[in-house]
Amino acid sequence: DTIHAVVNETLNLASVAALPLVASTLAVADIWPTAWAFPLQVAFAIVVFDAGVTLAHWASHRQRILWSFHAVHHSVPRFYGLNGLMKHPVHQAIEMTAGVAVLVVIGLPRNVAIALNTLELLAAEKAAVGAAAVEAIHAAVALPVDDILNDAVNVVEFCRLSNCTGA
C-alpha cells in the first residue's frame, strides 16, 4: 500500500512539475488572458485545472470505462490514511490530462505554469488537512452530512465501499 501511494504521488508530482515544459512547447492557441494581472492569471489557471480534474472525477463515477480505472480508488478494504491516494495510473493520467489540456491548448504562459506548479506542490504538502474528509467519503461509514454532500459534491452513496460495484 505504501509503495503504491508513493509511486502514485511521485507520478502525480512529476506530471505537475513537467507542466511548465509542456506548456511552453505544446501551446496550440494564443488566447491566454495575458493582459490580466499575474495573480488573476494564476487564479484562472487554478480554476481551469481544478475544473478539469473535478469533471474527470465526476465522469469517472458515471462512465463505465472510466469507472473501471477509478474503482481502484474505492476498492481499499479498510479505512486508513492511504485510501485517497490509491489510484490506477491510467485514471491518474486521465485526471491530470483533463486538468492541464485546456490550459496548454489556450497558451498557458510559462511563468503562470511555474506558479501553478509551485502552488500544486505546496497544496500536496498541505493535503493532510483535508485527508479526514477524503477518508470519510471513501470509507464505508455514514456521515451526518451525506445528503448535502450527495447532492452537492460527490455522490456519497456511490462512493461507499459496499456500493462501489460499477458505474
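**Close-up views of a predicted helical chain**

Buried residues account for 37% of the 167 residues in the chain. The model is a predicted one, and the legends below go from the whole chain to single residues.

Figure 1. Read from the N terminus, the elements follow the order α-α-α-α-α-α-α-α-α. Among contacts in the chain with a separation of 6 or more, 70% are between residues 24 or more positions apart. The accessible surface of the chain is about 9,200 Å². Carbon and sulfur atoms hold 70% of that surface.

**Figure 2. Helix α3 covers residues 38–60.** The helix has 23 residues. From its first C-alpha to its last, α3 reaches 33 Å, which is close to the 33 Å expected at 1.5 Å a residue. Which residues of α3 are buried? They are Gln41, Val42, Ala45, Val48, Phe49, Gly52, Val53, Ala56, His57, Ala59 and Ser60.

**Figure 3. The largest nonpolar core has 19 residues.** The members that touch the most other members are Leu19, Trp32, Ala45, Phe49, Leu103 and Leu108. At least two residues of this core come from each of α2 (19–26), α3, α5 (89–105) and α6 (110–125). The largest share, five residues, is supplied by α3.

**Figure 4. Alanine 45 is one of the buried residues of α3.** Ala45 is also among the core members that touch the most others. With neighbours within four places in sequence left aside, which residues are in contact with alanine 45? The contacts are Trp32, Leu103, Leu108, Val112 and Leu116. Of these, Trp32, Leu103 and Leu108 are likewise listed among the core members touching the most others.

**Figure 5. Serine 60 belongs to helix α3.** Is serine 60 buried or exposed? Its relative accessibility is 0%, so serine 60 counts as buried. Apart from neighbours within four places in sequence, serine 60 is in contact with Leu66, Trp67, His70 and His91.

**Figure 6. Histidine 61 sits in the loop between α3 and α4 (64–70).** Histidine 61 counts as buried because its relative accessibility is 5%, and the cut-off for buried is under 20%. Along the chain, histidine 61 and alanine 71 are 10 residues apart, and their C-alpha atoms are separated by 8.6 Å.

**Figure 7. Leucine 21 is part of helix α2.** Why does leucine 21 count as exposed? The reason is its relative accessibility of 55%, as exposed means over 50%. Leucine 21 and arginine 110 are 89 residues apart in sequence. In space, the two are 7.5 Å apart, C-alpha to C-alpha.

**Figure 8. Alanine 101 is located in helix α5.** The relative accessible area of alanine 101 is 32%, so this residue is partly exposed. How many residues along the chain lie between the positions of alanine 101 and leucine 26, counted as their distance apart? They are 75 residues apart, and their C-alpha atoms are separated by 9.8 Å.

**Figure 9. Ile3, Val7 and Leu11 make a nonpolar surface patch.** The patch has an area of about 300 Å². One of its residues, leucine 11, is placed in helix α1 (residues 2–17). Leucine 11 counts as partly exposed because its relative accessibility is 45%, a value between the cut-offs of 20% for buried and 50% for exposed.

Definitions and conventions. Residues are numbered from 1 along each chain as its sequence is written. This is a predicted model: local features need pLDDT of at least 70, side-chain atom pairs count only at pLDDT 80 or more; totals for chains, interfaces and linings use all residues. Side-chain values use heavy atoms; hydrogens and water are left out. Helices (H or I, at least four residues) and strands (E, at least two) are DSSP runs, numbered from the N terminus. The expected span of a helix is 1.5 Å times one less than its number of residues. Buried means under 20% relative accessible area, exposed over 50%, partly exposed in between (1.4 Å probe, protein chains only). A nonpolar core is a set of buried Ala, Val, Leu, Ile, Met, Phe, Trp, Tyr and Cys residues joined through side-chain atoms within 4.5 Å. Contact means heavy atoms within 4.5 Å. Patches are made of residues with over 30% relative accessible area and no salt bridge: like charges are joined within 9 Å, nonpolar side chains (Val, Leu, Ile, Met, Phe, Trp, Tyr) within 5 Å. Accessible areas come from the Shrake-Rupley method with a 1.4 Å probe; for residues, only the protein chains shown count as cover. A salt bridge is a side-chain nitrogen of Lys or Arg within 4 Å of a carboxyl oxygen of Asp or Glu.
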